[in-house]
Every structure is written in C-alpha cells, then in structure tokens.
Amino acid sequence: MKYKSYVVFGLGKFGQAVVDKLIETGADVMVVDNDEETIEAYSSKVTVAVATDLTDADNIKALGISNIDCAIVAMGMSLEASIMCVMVSKECGVSQVVAKAGSKRMGDILEKIGADEIVYPEEESGIRTARRLLSSDFLEFFEIDEDTCIVEMKPKQEWIGKSLKELNLRKKYGINILSLNKGKIKGNVDPDEILTSDYTLLVMGNKKQIDRF
C-alpha cells in the first residue's frame, strides 16, 4: 500500500535508503534524527527535517505527527529510542508503524508495544545473498511475501535451444515465467520462442519450489 505521508525516525544507512526511495516517489517525508549534520544534509530534500532526542517522548509528541500515514522506525540498535518512537506514533494515531529490529527479541518487544510490521534488514539481506550464491543461475532474488518470491535468472544450460512450451516449467516445477527478454523486459511471453544463452528470465513461484528448482 502506498501512503501519502511518512515520517522516518533514524537516518542510519537503512533509514537513509528508505528516505531516498520515498523521495523518488514524490511522497511527503519527514525525517527525524539526533545528528544535526545528517538532518542538515536532508533538509533540502524532504518536506520536514528535525534534529531531536528520540529517547524523549515529549520531543516526539512535539513533532506533530498525528496526520502522518506511516512511520518508519529505523534505529535497529537503539531499543530505547525505537520503543519511544513506536509507542508515541501509535498514541498519536499513525495508522501504520514499521520498525527495524536488530534481533528477534527486539522485534518481539516492538511488536508487543504496537508496531504493525517488523523488518530485519540484515537477516533478509543474508537470506537473499545465500540464495544467490547457492545458484549461479540467479541474478536477483525478490521476496513478495512469506511464501512467494521472484527470481531473475539466466536459462539453465539444458534449456537452451528449447521453447517454454517444450520445457513445460509450470507443470514440472510449479513456476511461472513472467518475462522473457534480451536486454529489456517484454510485456508478453511467447511460449514458442526458443531460448538462447543471452536471454534473461523473470520467474515467480513458491519459495520452497524455487529452492528445489
């Protein structure tokens, strides 16, 4: 779901990556951090930039975030600040609060006090890296939900010279080919097109099926 307005608490690497992506979409973004230099760097890029102590509940309330649609709490290693930001955001009526956690224990705590979604960036990055390394065919791995993923890959050697109709990948592996392209994504997949080594495939399927595949 795309929200109209966001507040991002904490501008470490994760927080900055989130903010930069939100800015690209043209969303209204407020950023809050205790580092004045970092806030100054973002002051001309976002709607509002505030430097304040995020361990103080009164400081967070003073930000006036009651009309914000989504809060992202990005301090994965600062439990006190994360707790305050999650609690005050929910108290102020923010409908969706997403919190970064540095550990499962921290995630459990943030969830108990009101966070609607917990993200574990390092863990998720590690899983994506491991999947990519386990298969030299995989170029990228995208997680859609708990069960489903999309992988970008080169065709396996035994597929080259055959068409998708011949390979019958959906029946054999339970996967769907979303795109079959050379250089740029094509809207339609021609099942009779013959695969060559310079093709790239975008494949969607169940994670367990993809892992076996």
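Cys92 is partly exposed, with a relative accessible area of 22%, on a scale where buried means under 20%, exposed over 50% and partly exposed in between (1.4 Å probe, protein chains only). The model is predicted, so that local features need pLDDT of at least 70 and side-chain atom pairs pLDDT 80 or more, while totals for chains, interfaces and linings use all residues. Residues are numbered from 1 along each chain as its sequence is written, and side-chain values use heavy atoms, without hydrogens and water.

**Exercise 1.** Determine whether Cys85 is buried or exposed, and how many disulfides the structure holds.

*Solution.* Cys85 has a relative accessible area of 0% and is therefore buried. A disulfide requires a pair of cysteine sulfur atoms within 2.5 Å, and the structure holds zero of them.

**Exercise 2.** Describe the largest nonpolar core and the surroundings of Ile60.

*Solution.* A nonpolar core is a set of buried Ala, Val, Leu, Ile, Met, Phe, Trp, Tyr and Cys residues joined through side-chain atoms within 4.5 Å. The largest one has 25 residues, and Ile60 is among those with the most contacts inside it. Helix 4 (79–91) is one of the elements giving two or more residues, and with four residues helix 4 gives the most. Beyond its neighbours within four places in sequence, Ile60 is in contact (heavy atoms within 4.5 Å) with Phe9, Leu54, Ile65, Met84, Cys85 and Val88.
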